[in-house]
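Colleague: I have some questions about how the terms are used here. Can we take them one at a time?

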Amino acid sequence: MKVSVKVPATSANLGPGFDCLGLALPIYNTVTIEETVLPGTGIEINLMSEGEEVIDEAAFDNIPRDENNIVYKAVEMLYNSIGQEPSELKINIQSQIPITRGLGSSAAVVVGGLIAANKLLGSPADETALLSIATEVEGHPDNVAPAILGGFVLASQEDDGSVIYRKLDWPQEWDITVCIPDFELSTSIARSVLPEQVPLQDAIFNAKHLAMLIQAVNTKDEKLMQAALKDKLHQPYREKLVPGMKEIMDAFKHEDGVLGCVLSGAGPAMLIISHKYDLDKIKSIVKEIWEAQSIKVEIKTLKIEQKGAEILE
Ligand code: HSE
């Protein structure tokens with residue numbers, strides 16, 4: 001028996017929602033898991049890229065194809081949670097989501113693997129259990145939760161490890177322009193530049209802006225959204241890892257119709273949120289800034305993906 005699951009890309013943080021907000025985007029990875037009947041065949045992991053220009057084949061070479069693969073680890077944890085061991089498994093991953101760009105490619109494959117394995121096992125785990133296994137393996141509920149649920153999601157990993165999450169309404173008319181540069185930035189490097197402690201004023205700044213953001217989204221208040229999309233907990237520290245990031249943010253600061261410009265997850269991709277704004281102008285501004293630094297960029301304007309991970313029949 002085999003099961004395929006299609007999972008959307010995700011963009012975490014949205015500025016002040018560091019480690020707790022994320023949204024799903026219509027770019028997908030598909031994970032297929034097959035229980036092979038022949039004993040002794042072990043595990044087999046295959047990766048296929050379906051991408052466009054920016055996907056980096058070399059990045060694929062660094063992904064483990066054995067028990068250390070993150071999808072296998074998640075699947076193993078699910079089997080163990082019901083007292084079983086995975087044995088003969090074939091895992092195929094078709095990837096459209098660029099790797100190490102801040103678009104949730106690892107959350108997507110972990111979620112896809114877990115949902116496929118859960119179906120193969122007769123669905124012993126519910127959504128909350130799958131979300132908590134995925135978070136334990138992948139580490140980022142702000143990617144994992146929107147990958148499972150779709151849409152715009154608030155997800156908090158509590159001190160006891162449990163995850164509290166809610167899907168919120170995102171104004172469908174807001175455009176999301178995703179700008180994906182042709183260089184990689186691993187989440188571990190992007191986290192290594194963050195300080196252990198932050199000034200109280202910066203924590204207060206983010207609390208205020210996160211509250212504004214939630215209210216702005218709930219009431220489709222574009223002026224409030226423009227004020228909200230600011231952060232002092234992660235973006236300023238990550239600026240040095242993403243050449244051009246500050247210039248791109250500055251370029252859109254005072255544009256009517258642009259609600260904000262943020263780093264996507266841990267970067268280096270960036271998101272520009274706008275409404276009734278000239279999308280070609282966004283593209284040409286971003287291209288000009290990055291190309292001046294010899295950085296190629298793929299730019300897509302998308303609507304939020306309301307559908308989460310989906311089992312393909
Ligand atoms: N919130 C995480 C971070 C997301 O910014 O490090 C990682 O995808």
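Modeller: Start with lining. A residue lines a pocket if it has an atom within 4 Å of a point of that pocket. This is a predicted model. Its largest pocket is lined by 42 residues.

Colleague: Which residues lie nearest the centre of the largest pocket?

Modeller: T100, S105, S106, E138 and T187. The volume of the largest pocket is about 820 Å³.

Colleague: Which elements give two or more residues to that lining?

Modeller: They are α1 (57-61), α2 (70-81), β4 (89-95), α3 (105-120), α5 (141-149) and α6 (187-192). The most comes from α3, with four residues.

Colleague: How do the lining residues divide by class?

Modeller: There are 17 nonpolar, 18 polar and seven charged. Asp, Glu, Lys and Arg count as charged.

Colleague: Now the helices. Why are α10 and α11 called roughly antiparallel?

Modeller: Look at the angle. Helix α10 (residues 245-252) packs against helix α11 (residues 279-291) at about 150 degrees. Angles over 145 count as roughly antiparallel. The two helices are therefore roughly antiparallel to each other. Their axes are 9 Å apart, and the crossing is right-handed.

Colleague: What makes the contact between α10 and α11?

Modeller: From α10 come E247, I248, A251 and F252. They meet I282, I285, V286, I289 and W290 in α11. By class, this contact has eight nonpolar, no polar and one charged residues. Glu counts as charged, and E247 is part of this contact.

Colleague: What angle do α2 and α3 make?

Modeller: They cross at roughly 35 degrees, and their axes come within 8 Å. The crossing is right-handed. On the α2 side, the contact is made by I70, V71, A74, V75, L78 and Y79. On the α3 side are S106, V109, V110, G113, L114, A117 and N118. The classes are ten nonpolar, three polar and no charged. Gly counts as polar, and G113 belongs to this contact.

Colleague: Which residues does the cis peptide bond join?

Modeller: G267 and P268, with omega at about 5 degrees. P268 lies in the loop between β8 (258-263) and β9 (270-274).

Colleague: What is the phi of S123?

Modeller: Phi is positive, about 55 degrees, although S123 is not a glycine. S123 sits in the loop between α3 and α4 (127-138).

Methods:
Residues numbered from 1 in each chain as written. Predicted model: local features only at pLDDT ≥ 70, side-chain atom pairs only at ≥ 80, totals over all residues. Heavy atoms only, no water. Axes fitted to C-alpha atoms, helices over the stretch in contact; angles between N-to-C directions. Parallel < 35°, antiparallel > 145°, perpendicular 65-115°, else oblique. Left-handed = near helix turned anticlockwise from the far one by under 90°. Contact = heavy atoms within 4.5 Å. 1 Å grid on protein atoms, 1.4 Å probe; cavity = no way out; pocket = protein on both sides within 12 Å on 5 of 7 lines; lining within 4 Å. Points joined across faces, edges and corners; volume = space filled by probe spheres on them.
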